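Here is a protein chain to explore by question and answer. Look through the sequence and the structure before reading on.

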Amino acid sequence: MPPTQAESVIRSIIREIGQECAAYGEIVSETLIAFMVKAVVLDPSNGFNMDRTLMKSDVQNLVKLCMTRLLDTKNPSLDTIKMQVYFDMNYTNRVEFLEEHHRVLESRLGSVTREITDNRACAKEELESLYRKIISYVLLRSGLGSPTDIKTVREVTAALQSVFPQAELGTFLTLSKKDKERQLKELTMIVTGIRLFNRDCGKGGEGIDDLPAVLHVAIPATMHHIDYQLETARSQVYRYTAILEKAANDPHMRAELQPYMLKEALYNIRQYEVFLQIILSDIITGAQEVEMMTKQLGAHLEQLKMTIKSKTAVPTSQVFPIFIALSTLWTSLQDETIVVGVLSNLFTHIQPFLGAHELYFPERAMQRHLNGATVKTDVCRMKEHMEDRVNVADFRKLEWLFPETTANFDKLLIQYRGFCAYTFAATDGLLLPGNPAIGILKYKEKYYTFNSKDAAYSFAENPEHYIDIVREKAKKNTELIQLLELHQQFETLIPYSQMRDADKHYIKPITKCESSTQTDTHILPPTIVRSYEWNEWELRRKAIKLANLRQKVTHSVQTDLSHLRRENCSQVYPPKDTSTQSMREDSTGVPRPQIYLAGLRGGKSEITDEVKVNLTRAVDET
């Protein structure tokens with residue numbers, strides 16, 4: 001059957017099942033129906049051949065089986081599948097959620113942004129209207145107050161006018177569209193920083209909630225509530241496990257109890273525990289981020305106070321970066337508020353999928369079955385076999401990993417979400433946590449843990465046998481595919497939340513061991529020139545030293561102890577006869593200067609005529 005035709009058939013089947021369920025008063029999502037169709041086809045007891053084209057009778061049988069399972073309200077397995085589908089459809093990790101949240105905010109602000117960037121205002125009224133739009137944009141983008149609140153609008157207007165007066169709109173309109181958008185974002189951050197600083201000083205902050213105080217109350221309360229529910233779920237898990245272990249050795253109790261129902265309830269509560277751990281981990285991460293951002297916020301506010309103090313004017317280069325940093329921190333606090341709200345809402349909405357436990361297994365019946373049984377926690381089970389470690393010498397062809405020999409021991413992806421594969425296969429589906437301290441088995445690039453040394457040895461004798469048993473069990477109980485993370489074996493049922501973490505399936509162990517190596521000191525002959533000198537001043541010093549040696553005489557002496565022991569020779573520069581020319585004395589004669597002045601005594605006329613006569617003889621006449 002061509003892919004397009006097969007998709008059309010599947011869509012029609014999903015549509016038909018949805019209509020049938022609606023006729024019985026059950027509103028079922030198409031995602032849940034699609035999951036159930038694949039689950040029914042995978043179950044070998046239903047007799048569907050995935051390599052054969054579905055006939056009309058097969059389609060009718062498929063619809064009937066899906067309807068039976070979807071309308072069976074007294075089935076823990078269906079509750080688990082509904083929980084998995086709901087969680088997969090509504091959970092997103094922090095980074096992707098915040099990216100999507102910011103993208104949605106940008107799309108909502110798109111129309112307001114276009115009205116500002118595409119504006120060609122010229123008249124005074126048009127410029128005033130544009131300025132009001134910029135004020136509304138700043139309010140909407142910051143999320144600090146409503147554009148309809150007069151006090152908030154006045155405060156934003158005053159802050160905006162201090163950094164972007166209306167007279168600068170002409171310059172703003174000449175910018176390109178991208179530069180306009182960039183300046184609008186920058187103005188929003190600066191105005192937000194000013195309002196936050198004014199709020200801290202008690203001079204403004206209209207409509208701004210105290211987010212650090214809100215988060216410091218909301219996060220611990222949410223964590224406490226989730227912790228309480230997590231401990232309650234674990235207590236229920238330990239009781240179910242104790243009853244199943246007791247029933248395994250008591251045939252009469254096994255006949256009365258219907259262990260398969262209790263195991264499905266165990267899968268349900270275990271899946272709930274896993275989801276709570278994911279939510280709690282994200283909230284703890286958020287709490288750490290909030291604590292760090294609160295400290296940075298206080299530090300920036302103190303820095304602003306020290307910078308401004310009582311000054312009437314402060315350079316923008318000093319305060320604008322701090323205002324922008326304040327705005328960025330506050331936006332991150334707003335993001336954390338939204339994340340905590342979404343996670344809390346998700347936690348609330350997965351609780352109804354546990355409502356059938358009291359109906360299936362009342363407290364009185366549970367207490368009766370627990371008589372004589374030992375309830376053990378997961379931690380207690382690990383401590384019991386902490387010292388029982390696998391002897392590597394017993395296995396020549398298999399590789400075992402231990403904490404002291406593997407650097408990334410805690411980061412390895414353990415198969416079956418860390419549950420013991422042998423116990424699950426040998427007891428027809430009992431979930432017991434594996435103990436990595438016993439040893440992690442590496443088999444075909446996958447890693448397995450076990451709850452005891454005996455279980456590890458039994459599994460290692462024939463791993464493929466037990467892996468096949470787990471796979472077949474997962475085909476009958478499809479909720480195990482996500483609970484035990486069997487997505488690589490059932491590619492068609494990989495949830496979106498697991499597809500995003502596909503890279504972690506390829507983490508390889510970094511083994512550690514004590515080793516030593518020995519090499520020759522110098523394999524190749526040395527090529528170091530000892531006489532080389534890079535320092536010019538050192539070269540000059542050596543040159544001066546050699547020049548001084550030319551003026552020295554070498555002497556050799558012999559003592560009584562060294563007499564006739566060896567011949568000594570030395571080399572000197574012999575003196576040589578030289579002559580120099582001394583300076584010669586000489587003299588020259590120059591004429592004596594003689595000047596005669598006539599007419600100094602006056603004459604007959606009233607005006608005195610002075611005559612200057614140079615009587616100095618020429619040089620060549622002397």
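Q: In this predicted model, what share of the contacts between residues at least 6 apart in sequence joins residues at least 24 apart?
A: The model is predicted. Take the contacts in the protein chain between residues at least 6 apart in sequence. The part of them that joins residues at least 24 apart is 72%.

Q: How many helices and strands does the protein chain have?
A: The secondary structure holds both kinds of element. The strands come to five and the helices to 23.

Q: Is the protein chain a compact globule or more spread out?
A: For 622 residues the globule rule gives 25 Å. The radius of gyration is 46 Å, well over that value. The C-alpha trace spans about 165 × 110 × 55 Å along its principal axes. Because its radius of gyration is well over the rule, the chain is more spread out than a compact globule.

Q: What percentage of the residues in the protein chain is buried?
A: Buried means under 20% relative accessible area. The protein chain has 622 residues, and the buried ones make up 37%.

Q: How far apart are the centres of the positive and negative side chains?
A: The protein chain has 76 positive side chains and 80 negative ones.

Q: How many salt bridges are counted?
A: The rule asks for a side-chain nitrogen of Lys or Arg within 4 Å of a carboxyl oxygen of Asp or Glu. By this rule, the count is 28.

Q: What separates E100 and R103 along helix 5?
A: The side chains of E100 and R103 meet in a salt bridge, 2.4 Å from N to O. E100 is partly exposed at 39% relative accessibility, and R103 is partly exposed at 47%. Both residues sit in helix 5 (residues 94–108). Because they are three residues apart there, what separates them is about one helical turn.

Q: Which helices does the pair E155 and R195 link?
A: E155 and R195 form a salt bridge, with N to O at 3.4 Å. The pair links distant parts of the chain, 40 residues apart. E155 is buried at 14% relative accessibility, and R195 is buried at 2%.

Q: Is E445 buried or partly exposed?
A: E445 has a positive phi of about 65°, although it is not a glycine. This residue lies in the loop between strand 2 (440–443) and strand 3 (446–448). With a relative accessible area of 49%, E445 is partly exposed.

Q: Is E485 buried or exposed?
A: Phi of E485 is near 55°, a positive value in a residue other than glycine. E485 lies in the loop between helix 21 (479–483) and helix 22 (496–499). Its relative accessibility is 14%. Because buried means under 20%, E485 counts as buried.

Methods
Residues numbered from 1 in each chain as written. Predicted model: local features only at pLDDT ≥ 70, side-chain atom pairs only at ≥ 80, totals over all residues. Heavy atoms only, no water. Helix = DSSP H or I, 4+ residues; strand = E, 2+ residues; numbered from the N terminus. Buried < 20%, exposed > 50% of the residue type's maximum accessible area, 1.4 Å probe, protein only. Rg over C-alpha atoms; globule rule 2.2 N^0.38 Å. Contact = heavy atoms within 4.5 Å. Lys, Arg positive; Asp, Glu negative; His and termini not counted. Charge placed at Lys NZ, Arg CZ, Asp CG, Glu CD.
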